Amino acid sequence: MPRYKCKNIAALDLALSGLPAKMRVKADVGTGVSAKTVGELRKMTMWSENLVITTPQERDLESTVKISKATVATRTSPKQ
């Protein structure tokens, strides 16, 4: 299942592209996301950079999009 760390709403829209609006969303406790469907996620106006979205390979309504907090720090400069 692909995982995306979206930095903003535009990146979230790209991660959700092709998914049906009625697909269920399961957000971990403490993420601050209350959306229950992909359609509700698309209506959000703010997105936290420390959230990760996991999208299913299947595009059917029985699949679920999962949202959790990022657990690994992202390196911003090359290791020397």
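**Notebook: contacts, strands and core**

I began with Arg24. Setting aside neighbours within four places in sequence, I find Arg24 in contact with Lys36, Thr37, Glu62, Ser63, Thr64 and Val65. I note that the model is predicted. Arg24 lies in strand 2, residues 24–27. Is Arg24 buried, exposed or partly exposed? Its relative accessible area is 48%. Buried needs under 20% and exposed needs over 50%, so I log Arg24 as partly exposed. I also checked Arg24 against Lys66: they are 42 residues apart along the chain, and their C-alpha atoms are separated by 8.8 Å.

**Strand 3**

Next I looked up strand 3, residues 51–54. Which strands pair with it? Strand 1, residues 3–4, pairs with strand 3 in the antiparallel sense, over two bridges. Within that pairing I traced Arg3 to its bridge partner, Thr54. Strand 4, residues 64–69, is joined to strand 3 by four bridges, and these two run antiparallel. There, Leu51 stands opposite Lys69 of strand 4.

Then I turned to the faces of strand 3. In a regular strand, side chains alternate between the two faces of the sheet. Here Leu51 and Ile53 are on one side, with Val52 and Thr54 on the other. All four are buried, and both faces are covered.

**Helix 1**

Which residues of helix 1 are buried? In this helix, residues 9–16, I list Leu12, Ala15 and Leu16. They cover an arc of only 95° around the axis, so they sit on the same side of helix 1. What do they pack against? I find strand 1, helix 2 (38–42) and strand 3.

I checked both ends of the helix. At the start, a side-chain oxygen of Asn8 comes within 3.2 Å of the backbone nitrogen of Ala10. Following helix 1 is Gly18, with a positive phi near 85°.

**Core**

Last, the nonpolar core. The largest one has 16 residues. Leu41, Trp47, Ile53, Val65 and Ile67 have the most contacts inside it. Where do its residues come from? Helix 1, helix 2, strand 3 and strand 4 each supply at least two. Helix 1 gives the most, with three residues.

I followed up on Trp47. Leaving out neighbours within four places in sequence, its contacts are Cys6, Asn8, Ile9, Leu12, Val33, Leu41 and Ile67. Leu12 is one of the buried residues of helix 1. Asn8 is the residue whose side-chain oxygen reaches Ala10 at the start of that helix. Leu41 and Ile67 are, like Trp47, among the residues with the most contacts inside the core.

Definitions and conventions:
Residues are numbered from 1 along each chain as its sequence is written. This is a predicted model: local features need pLDDT of at least 70, side-chain atom pairs count only at pLDDT 80 or more; totals for chains, interfaces and linings use all residues. Side-chain values use heavy atoms; hydrogens and water are left out. Buried means under 20% relative accessible area, exposed over 50%, partly exposed in between (1.4 Å probe, protein chains only). Two strands pair if DSSP finds at least two bridges between them. The arc is that of the directions from the helix axis to the C-beta atoms. Contact means heavy atoms within 4.5 Å. A polar contact is a pair of N or O atoms within 3.5 Å; within protein, one must be able to donate a hydrogen and the other to accept it, and residues adjacent in sequence count only if both atoms are side-chain atoms. A nonpolar core is a set of buried Ala, Val, Leu, Ile, Met, Phe, Trp, Tyr and Cys residues joined through side-chain atoms within 4.5 Å.
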